[in-house]
Amino acid sequence: MREVTTGETVRISLELNGKTVSGNATSRMLLTDFLRSELGQTGTHVGCEHGVCGCCTVRIDGVAARSCLMLAVQADGRRVDTVEGLAASKDALNALQRAFRKHHALQCGFCTAGILMSFSDFLSRNPNPDEDEVREVLGGHICRCTGYDGLMKAIMEAAADMRGKTPSHAGAT
Amino acid sequence: MKPAPFTYIRPDTLDEAVTALAQHGADARVLAGGQSLMAMLNLRLVEPKALIDISRLGELRSIRLDGDMIEVGAAVTQAEFLAWPQLKEKAPFIARALPWVGHFQTRNRGTVCGSIAHADPSSELPLSLALLEGEVVLRSKSGTRRLKASEFQTGMLQTARRDDEMVIAVRFPAGVGLKGAAFREVARRHGDFAIVSVGAVSAEKGAVRVGVGGVAEKPACISIGASMSTPDITDRIERLAWELGGHDDIHASARYRRDLVRRMVPTLIGEVRACAK
């Protein structure tokens, strides 16, 4: 049994984008705050902090989930993938990121990291989605800049692109 | 906002979990997927002294057929249940309703049992359990008991669970709705809380069982007999709409909710009856 009492600080280790990292956390620290403040990985954004806006979405053991609805202590020993792990290098965006750039699927970029993480999971499980399915997943994110039109185009094109060749979107996996 | 301080407890076995719950009782909350509870903690709507995390308990991770019941363990996520290969053939109604639960991203972590234990009046899973007349399995140090859906949920976010008990599984009757199952929901956008949700399944002797969520404090179900005339059905639905009452909130007025009941219920009865033929 693992117990972390009120006020106690414990060492948390997890596999972040393929590398084992660790940091300090209290029992009530959210995974978002652990990633950003403790590990310095600020690509994951914090919006509503109650699971509605979607901008803190990361992949936990490959599965897209809200990092604001998870405690850092729950992520101990798990695999966590964030937006930082998507591109192989600064000059080598993955198919989804390239399509986002091409179709202006972002403006201010606040929601973007979460949307990329949702679809990197969704498209790996559903390589050939129709527009309604994509819209349903996109419904779990709020974007106040694009009107979603560029996002739809980018995601549909990235899916087609990824079907045509070996998926390069999986980041650290 | 951030949660108020609490002690985090992650038991390795179910026995440890119920022991911890017996110790902390009403001061503790059981955490599984956290898709409702974590939001409530962040908003400080709840401030428990202890959180008991059951999400890694292997004992609670299975979906299995037990005779004519489908038993879903408390750590099974909504996404896992949706991907269960036998879902469409054993529980066609749930196969229709489950995609409406939250979003893709929240179904990935949110659990089937957690949604039922949370007992939100507009949630699809409590409605499914009530409509299919399923059961909730509760475990405490003193033993295990099963409650019918109608006995378990007592009101808005209220259940008959005792402070030292946790939901360890829910049980849905297998094969209900094979001759017709329909689900419809009105919300501002897909994934938002339902303003009104309606489910209907074929029942014995050509009857149709109908459940309505989102209007009253908890899901309400009625049975429409095969021989009921159209005017009688209209009367019954009218009575149901007034019995449910409904409430005014930011999403809709009580009057609008009643009107949705009047419009949606007959459509779903028609769909189920058409399938049964």
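This is a predicted model: local features need pLDDT of at least 70, side-chain atom pairs count only at pLDDT 80 or more; totals for chains, interfaces and linings use all residues.

Colleague: What is the strand order of the open sheet of five strands in chain A?
Modeller: Residues are numbered from 1 along each chain as its sequence is written, and chains are lettered from A and ligands numbered from 1 in the order in which they are written. Now the general idea: strands of a sheet pair through backbone hydrogen bonds, either parallel or antiparallel. Helices (H or I, at least four residues) and strands (E, at least two) are DSSP runs, numbered from the N terminus, and two strands pair if DSSP finds at least two bridges between them. In chain A the order is S3-S2-S6-S4-S5, with mixed pairing.

Colleague: Which strands of chain A stand at the edges?
Modeller: Strands S3 (19-26) and S5 (63-66) of chain A do; each has a single partner strand, so one side of each has no neighbour in the sheet. On average, neighbouring strands are turned by 45° against each other, direction ignored. Such angles use axes, which are lines fitted to C-alpha atoms, for helices over the stretch in contact; angles run from 0 to 180 degrees between N-to-C directions.

Colleague: In what sense do S4 and S5 of chain A pair?
Modeller: Strand S4(A), residues 57-60, and S5(A) are antiparallel, with four bridges. In one of the pairs of residues, Val58(A) has Ala65(A) of S5(A) as its bridge partner.

Colleague: Which strands does helix H1 of chain A touch?
Modeller: For touching, we say that two residues are in contact if their C-beta atoms, placed from the backbone, lie within 7 Å. Helix H1(A), residues 31-38, packs on the sheet against S2 (9-16) and S3 of chain A, and its direction makes about 110° with that of S3(A). Helix H3(A), residues 112-125, packs on the sheet too, touching S4 and S5 of chain A, at about 35° to the direction of S4(A).

Colleague: How many helices and strands does chain A have?
Modeller: Chain A has five helices and six strands, and along the sequence they follow the pattern β-β-β-α-β-β-β-α-α-α-α. The C-alpha trace spans about 50 × 30 × 30 Å along its principal axes.

Colleague: Where are the domains of chain A?
Modeller: Domain bounds come from an automatic or database domain assignment; here that gives domain 1 (9-85) and domain 2 (95-164). Their centres, taken over C-alpha atoms, are 22 Å apart. The contact takes 15 residues from domain 1 of chain A and 13 from domain 2 of chain A. On the domain 1 side, S4 and S5 of chain A are the elements that give two or more residues, and S4(A) gives the largest share, three residues.

Colleague: How many residues of chain B are in contact with chain A?
Modeller: There are 29 residues of chain B in contact with 31 residues of chain A. On the chain B side, strand S1 (7-10), helix H2 (37-42) and helix H6 (104-107) each give two or more residues, and the largest share, four residues, comes from S1(B). Strand S1(A), residues 2-4, pairs with S1(B) in the antiparallel sense over three bridges, and Arg2(A) stands opposite Arg10(B) in S1(B).
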